[in-house]
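Open the model in your viewer and keep the selection panel at hand.

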Protein chains: 2
Amino acid sequence: MWEDYVRKVEPYVPGEQPKVSNLIKLNTNENPYPPAPGVFEVLKHADATELKKYPDPTCSVLVDALADFYHVDREKIFVGVGSDDVLSMAFLTFYNSDVPILFPNITYSFYDVWANLYRIPYKQIPLMEDFSVRKEDYYQANGGVVLANPNAPTGANLPFKDVEDILEHNRDVVVIVDEAYADFGGESVLPLIDKYDNLLVVQTFSKSRSLAGLRIGYAFGCKKLIKYMLDVKFSFNSYTMNRPALEMGAASLRDRAYFEEKVAAVIKTREWTKGELKRLGFSFADSKTNFIFARHESVPRDYIFTRLREENILVRAFKGDIVKDYLRISIGTDEEMRVVIETLEKILKEK
Amino acid sequence: MWEDYVRKVEPYVPGEQPKVSNLIKLNTNENPYPPAPGVFEVLKHADATELKKYPDPTCSVLVDALADFYHVDREKIFVGVGSDDVLSMAFLTFYNSDVPILFPNITYSFYDVWANLYRIPYKQIPLMEDFSVRKEDYYQANGGVVLANPNAPTGANLPFKDVEDILEHNRDVVVIVDEAYADFGGESVLPLIDKYDNLLVVQTFSKSRSLAGLRIGYAFGCKKLIKYMLDVKFSFNSYTMNRPALEMGAASLRDRAYFEEKVAAVIKTREWTKGELKRLGFSFADSKTNFIFARHESVPRDYIFTRLREENILVRAFKGDIVKDYLRISIGTDEEMRVVIETLEKILKEK
């Protein structure tokens, strides 16, 4: 029977993407602001005739724009269909040892999924009580190290020096630093790619650049590291990034002022929200991201979640022992966060 | 050393995508006509603000449009980033047996690549002298069967009844029929998905719909088959198709008249080109695709290829014993093909 040979997987239900419009949607860490004006211009002037042709497999328009923005050689840049695609490709390319790769428990939920998919042995290292990463835990023998920094869904940031210490102790394996949220106050280790030839820094357009809908991720590493990833990528799928995404991604990078302004706005709103949440009896790690991972001192998590949903506010509640008391609240606009705080105040008073 | 654990692959050089504009580009089987007018409308009215949000992971706008166009239940449809993504996902989902899967030698060049990538054993079955598939070759024990129909790069088509015979003899494994080119005169086995629960039919927007630049492929199968593919897909990458692609793909499907008109135009040009090539001393299998795979009776392939390139006409010349005498010429506009034939005539006279 053909069903005997089907790959059996944990069925996964994607995060809720509700189609009602009066919702304050703070469940998927999207940016509340529109993308850069240049992205609108690209759309306005785009010629659909060009779509009859395959996209440029080397993605040069986007790679060039990244090279300009970050002052990095284009040979040190890899791009893919969201950082999920980039990370998955890095796992496939670099983790072919019998020694387990290391990453924290808890962290971004797809690391163990890709490890399982590609049959990579792995070991999850518990976080400290305060959700911080203890760097010494990553000094043991391993086949690779993967760190989300700032970490998801905790929002906690490991200082630059500690990431470098982990690199210093792991010169013989590839260390992936997943900086999906680093623009919101973390400190990128991008400057270290020339010092450590085994460092891969992964970032995304989905958060700080308001382009989750385009699916663009990218990575920086030494030329040799990037060449290996490109070889693997081209060996089995040449054309993945479509033409509109390449053009709009490049346009977004060309507007540094807009980028910095909107990132600063999200950070300001986040800091205000932290103060308000503290006042209402929530505690949380000091988030350097566009979300806050918080628990309330007395009112049960699921109660708050359900009441918020009834009030048309959607946040995220993960399953699992360590995180079962926490809500992950993405940072929206000032107005949205004011409504969230007022609503939380009302809900907590009811209880 | 971290390099010891890098996945070693055959480095692949993507097909030439030259940036000069006065070129007649017939090397990647692109459609010479622009996509449907509705695609232009989507671009014109697209709102970049929406790009801040993740795309719909279920791709419902596109799946619904496919369901309408093909009169197939939406639960029987899978979509992905080009048919390469769809095929690769199908290999991963269905081919987990120790018995080798079967496909022709020669055929689409990525089948063995994906098999190697996912460690799927495979056996390549030689074509007949005339490049036809002998159906009886696929009646032996196997872990799956993959047929490109019409086949690439030969253009030869296996009749509907023969494909059904192969299905009839392979009820215990998944049979993938890759119909990337079927719109140009092949006969799709889509009507058989309700009769054979192990049949997966894969198609693409890159050829007949003039949307190679958007990266959209899709597959039809019974509900159970599609559910298995979706489970595997969602287990490791939820968001792959971007928002503009979903909207423009759907718009393309809503214009059946335009689609049929442009497909008919390509077929007409192809048939004219066949006659001219025959007159000039070329032979070829009877192509039902948007390309012709032809060899000349006396003039060496590489000589013709190089001279065409010098005349700003780019066609494709594959390496390998069986195909080393052949040129693959994509069908362009009438005007382009007239220039190609005139140029060939000139080149052949020189020799």
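Select chain A and colour by burial: 52% of its 351 residues count as buried. This is a predicted model, so treat every value here as computed from it.

Stay on chain A and switch to cartoon. You will find 10 helices and 12 strands. The radius of gyration is 21 Å, close to the 20 Å that the globule rule gives for 351 residues, so chain A is as compact as a globular protein of that length.

Now show contacts in chain A. Take those with a separation of 6 or more; 73% of them join residues 24 or more positions apart.

Next, move to chain B and select β9, β10 and β12. These 3 strands form an open sheet in the order β9-β10-β12, with antiparallel pairing. Which strands stand at the edges? They are β9 (282-284) and β12 (327-330) of chain B; each has a single partner strand, so one side of each is left without a neighbour in the sheet. Look along the sheet: from one strand to the next, the twist averages 45°.

Zoom in on β10 of chain B, residues 291-296. Its antiparallel pairing with β12(B) runs over 4 bridges. Pick B:Ile292, then look across to β12(B): B:Ile329 stands opposite.

Last stop: helix α8 of chain B, residues 256-279. Helix α8 packs on the sheet and touches β9 and β10 of chain B. The direction of α8 makes about 0° with that of β10(B).

Conventions
Residues are numbered from 1 along each chain as its sequence is written. Chains are lettered from A and ligands numbered from 1 in the order in which they are written. This is a predicted model: local features need pLDDT of at least 70, side-chain atom pairs count only at pLDDT 80 or more; totals for chains, interfaces and linings use all residues. Helices (H or I, at least four residues) and strands (E, at least two) are DSSP runs, numbered from the N terminus. The radius of gyration is taken over C-alpha atoms; the globule rule is 2.2 Å times the number of residues to the power 0.38. A residue is buried if 20 or more other C-beta atoms lie within 10 Å of its own, exposed if 12 or fewer, and partly exposed in between; C-beta atoms are placed from the backbone. Two residues are in contact if their C-beta atoms, placed from the backbone, lie within 7 Å. Two strands pair if DSSP finds at least two bridges between them. Axes are lines fitted to C-alpha atoms, for helices over the stretch in contact, and angles run from 0 to 180 degrees between N-to-C directions.
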